[in-house]
Amino acid sequence: MKAFVLPRTGGPAVADRPVPRPRPGEVLVRTTAALLCAWDGHASPGAAGASALLGHEAVGVVAAVGNGVAEGLVGRRVAAEGQGPLAEYFRVPAVGAGLAALPDAITDHQALYAAGALATGFATAEGAALRAGGTVAVFGQGAVGLSAAAAGLRLGAARVIAVEPEIKRQRLALRFGADVVVDPAYEDSAERILELTGGAGVDTAIVATGAAGARTAAYRGIGRGGRVAFARCRPTPARGGDRLARMLRLIAGGEVDPTGITTHEFPFARVEEAHRRLAAREPGMIKPLVLFPGPGAAAARV
């Protein structure tokens, strides 16, 4: 099979790997689609210097099961979060927070966000104890920042302030729950936040970008007793249940549709190009969708 890996030396690349066999308690998934993350390629090579499989958000169809797993899972459409699904096949535990069967009402495209950016944005907002009626500023409106803005809206924030210099992301921020957008390229974001809050500052600031100055501005823009939270690419599971399943319920209920974050689509044959353009921070690119060959795969566009 083909897999997108980080080798011992050099940058990420497509390589030939044997199709893995599911171990007891695992399923083997044939990948149909995945999302690229800006952090793909920042992983370390695996044990003993072996190549690391990249990716952490994918959907596919169960192709085989290991001992102890019901044969009835074969053929089921699933979403998975975990290391290594940027490959034609990957394996994952059949039981746990990292795998969920998909209902017909949820598309593959929607499910990808439940396994990645949407879950991360919500986990960050919830971990920051964002309260109903409070104010929140979200620095950076990439996939995770947009999801955090959506989380602020769903958690009952009275005001969501997005901080983002890129016009396309600014527009998306307003769609995803922001009440106002601050452009740090033209104004001091902390001063503008204080102005918008009558000098009180926000209750919560979420930093979802590595942009210079964002961390400092976040601390300058919070009010007394306020909190600053930093989005992590793969947060630890949230308390109170399965994060992936909760995100799927939000999508199925029509409370959020994250697919507007996707800006580009590529066939897996061009995953190296897609990653290179994402890593270079190509203007207008937020989240690339990667489509794998196989039954039902849609034609790709760029």
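The model is predicted, so local features are given only where pLDDT is at least 70, side-chain atom pairs count only at pLDDT 80 or more, and totals for chains, interfaces and linings use all residues. Residues are numbered from 1 along each chain as its sequence is written, and side-chain values use heavy atoms, with hydrogens and water left out.

**The largest pocket**

- The largest pocket has a volume of about 1300 Å³. A pocket here is an open set of points on a 1 Å grid over the protein atoms alone, where a 1.4 Å probe fits, with protein on both sides within 12 Å along at least five of seven lines. Grid points are joined across faces, edges and corners, and the volume is the space filled by probe spheres set on the points.
- Its lining is made up of 46 residues, and R169, A208, T209, G210 and R281 are the closest to the centre; a lining residue has an atom within 4 Å of a point.
- Two or more lining residues come from each of α2 (117-127), α3 (143-154), α5 (189-196), α6 (214-221) and α8 (271-279). Helices (H or I, at least four residues) and strands (E, at least two) are DSSP runs, numbered from the N terminus.
- By class, 24 of the lining residues are nonpolar, twelve are polar and ten are charged. Nonpolar covers Ala, Val, Leu, Ile, Met, Phe, Trp, Tyr, Cys and Pro, charged covers Asp, Glu, Lys and Arg, and polar covers the others, Gly among them.

**Salt bridges**

- Side chains of opposite charge can pair when their charged atoms come close. A search of the whole structure finds 15 salt bridges, each being a side-chain nitrogen of Lys or Arg within 4 Å of a carboxyl oxygen of Asp or Glu.
- D16 pairs with K2, and their closest N and O atoms are 2.8 Å apart. The pair links distant parts of the chain, with D16 in strand β2 (residues 13-16) and K2 in strand β1 (residues 2-6), 14 residues apart.
- D16 is exposed at 53% relative accessible area, while K2 is partly exposed at 37%. The cut-offs are under 20% for buried and over 50% for exposed, with partly exposed in between (1.4 Å probe, protein chains only).
- E57 and K287 also form a salt bridge, at 3.0 Å from N to O. Here 230 residues separate E57 in strand β5 (residues 57-65) from K287 in strand β15 (residues 287-291).
- Both partners are buried: E57 has a relative accessible area of 2% and K287 has 5%.
- R277 bridges to E282, with the closest N and O atoms 2.8 Å apart. R277 is buried at 19%, and E282 is partly exposed at 24%.
- Shared partners join R270, E273, R277 and E282 into one network of salt bridges.

**Two buried residues**

- R243 lies in helix α7 (residues 243-252) and is buried at 8% relative accessible area.
- The side chain of R243 makes a polar contact with that of E81 at 3.4 Å. Such a contact is a pair of N or O atoms within 3.5 Å; within protein, one must be able to donate a hydrogen and the other to accept it, and residues adjacent in sequence count only if both atoms are side-chain atoms.
- F176 sits in the loop between α4 (167-175) and β11 (180-182), and is buried at 7%.
- Leaving aside residues up to four places away in sequence, F176 touches L146, A149, A150, D257, P258 and I261, where contact means heavy atoms within 4.5 Å.
- F176 and L153 are 23 residues apart in sequence and 8.2 Å apart from C-alpha to C-alpha.
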